[in-house]
Amino acid sequence: MKTKPFSHFDESGDARMVDVGDKPVQIRTAQATAEIHCQKPTLALLKKHALPKGDVLAVARIAGIQAAKRTSDLIPLCHSLPLDKVSVDFTVGEDRIDILAEAKTRARTGVEMEALTAASVAALTLYDMMKAVDKSMRIEGVRVKRKTKR
């Protein structure tokens with residue numbers, strides 16, 4: 001079986017950014033998810049808006065959006081993309097908070113790294129803002145849920 005060459009290395013083995021210049025500009029979307037598992041009393045405080053650091057969901061939403069906009073600064077060799085939309089939404093369950101991040105662009109390459117970055121940083125922000133009341137939290141399930149291009 002013939003192996004495909006690595007896209008992020010040149011013939012000498014040096015790291016390089018992939019040339020997407022010949023690819024067509026398309027509308028591209030991606031959704032990514034993350035979960036932050038918490039104790040029930042922590043989620044009760046969240047629902048009552050009684051956490052010591054305030055409205056943690058609002059802060060985590062802004063953090064996720066800001067992170068998506070900085071993805072190419074954080075991840076080496078990632079293309080900078082003109083983002084048309086980034087959203088971060090939360091569903092508070094019995095023992096966890098589900099995070100859904102969505103990113104949209106018109107570009108030559110996909111936007112899944114921006115969606116993953118938004119979901120990850122939103123989860124990290126929630127962790128940071130709730131760690132004073134819950135030392136057992138854990139972040140799981142960070143993954144691409146869906147991506148499209150047209």
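Is Leu124 counted as buried or exposed at its relative accessibility? Leu124 counts as exposed, with a relative accessibility of 51%, where exposed denotes over 50% relative accessible area, buried under 20%, and partly exposed the range in between (1.4 Å probe, protein chains only). The structure is a predicted model, in which local features need pLDDT of at least 70 and side-chain atom pairs count only at pLDDT 80 or more, whereas totals for chains, interfaces and linings use all residues. Residues are numbered from 1 along each chain as its sequence is written, and side-chain values use heavy atoms, with hydrogens and water left out.

The protein chain contains four helices and four strands, these being DSSP runs numbered from the N terminus (helices, H or I, of at least four residues; strands, E, of at least two). Along the sequence these elements follow the pattern β-α-α-α-β-β-α-β, and the C-alpha trace spans about 55 × 30 × 25 Å along its principal axes. Of the 150 residues in the protein chain, 37% are buried. Among contacts (heavy atoms within 4.5 Å) with a separation of 6 or more, 75% are accounted for by residues 24 or more positions apart.

Helix 4 (112–130) and strand 4 (138–149) each supply at least two residues of the patch.

Helix 4 and strand 4 are also linked through charged side chains. Glu112 and Lys147 meet in a salt bridge (3.2 Å, N to O), a term that requires a side-chain nitrogen of Lys or Arg within 4 Å of a carboxyl oxygen of Asp or Glu. This pair links distant parts of the chain, with Glu112 in helix 4 and Lys147 in strand 4, 35 residues apart; Lys147 counts as exposed because its relative accessibility is 53%. In total, the structure holds nine salt bridges. One of them joins the side chains of Asp73 and Arg70 (2.6 Å, N to O); Asp73 is exposed, with a relative accessible area of 53%, while Arg70 counts as partly exposed at 48% relative accessibility. Another is formed by Lys131 with Asp128, the closest N and O atoms being 2.4 Å apart, and here Lys131 counts as partly exposed at 36% relative accessibility, as does Asp128 at 35%.

Backbone geometry was examined in two loops. Most residues other than glycine have a negative phi. His49, however, has a positive phi of about 55° although it is not a glycine, and the place of this residue is in the loop between helix 1 (40–47) and helix 2, where His49 is exposed, with a relative accessible area of 66%. Leu77, likewise not a glycine, has a positive phi of about 70° and is situated in the loop between helix 3 (71–74) and strand 2 (83–92); Leu77 is partly exposed, with a relative accessible area of 32%.

Val20, found in the segment before strand 1 (26–37), is buried because its relative accessible area is 12%, and, not counting residues up to four places away in sequence, Val20 touches His79, Arg108 and Thr109. The C-alpha atoms of Val20 and Val88, 68 residues apart along the chain, are separated by 28 Å. Gln66, in helix 2 (residues 56–69), counts as partly exposed at 40% relative accessibility, and its C-alpha atom is separated by 9.7 Å from that of Ala122, 56 residues apart along the chain.
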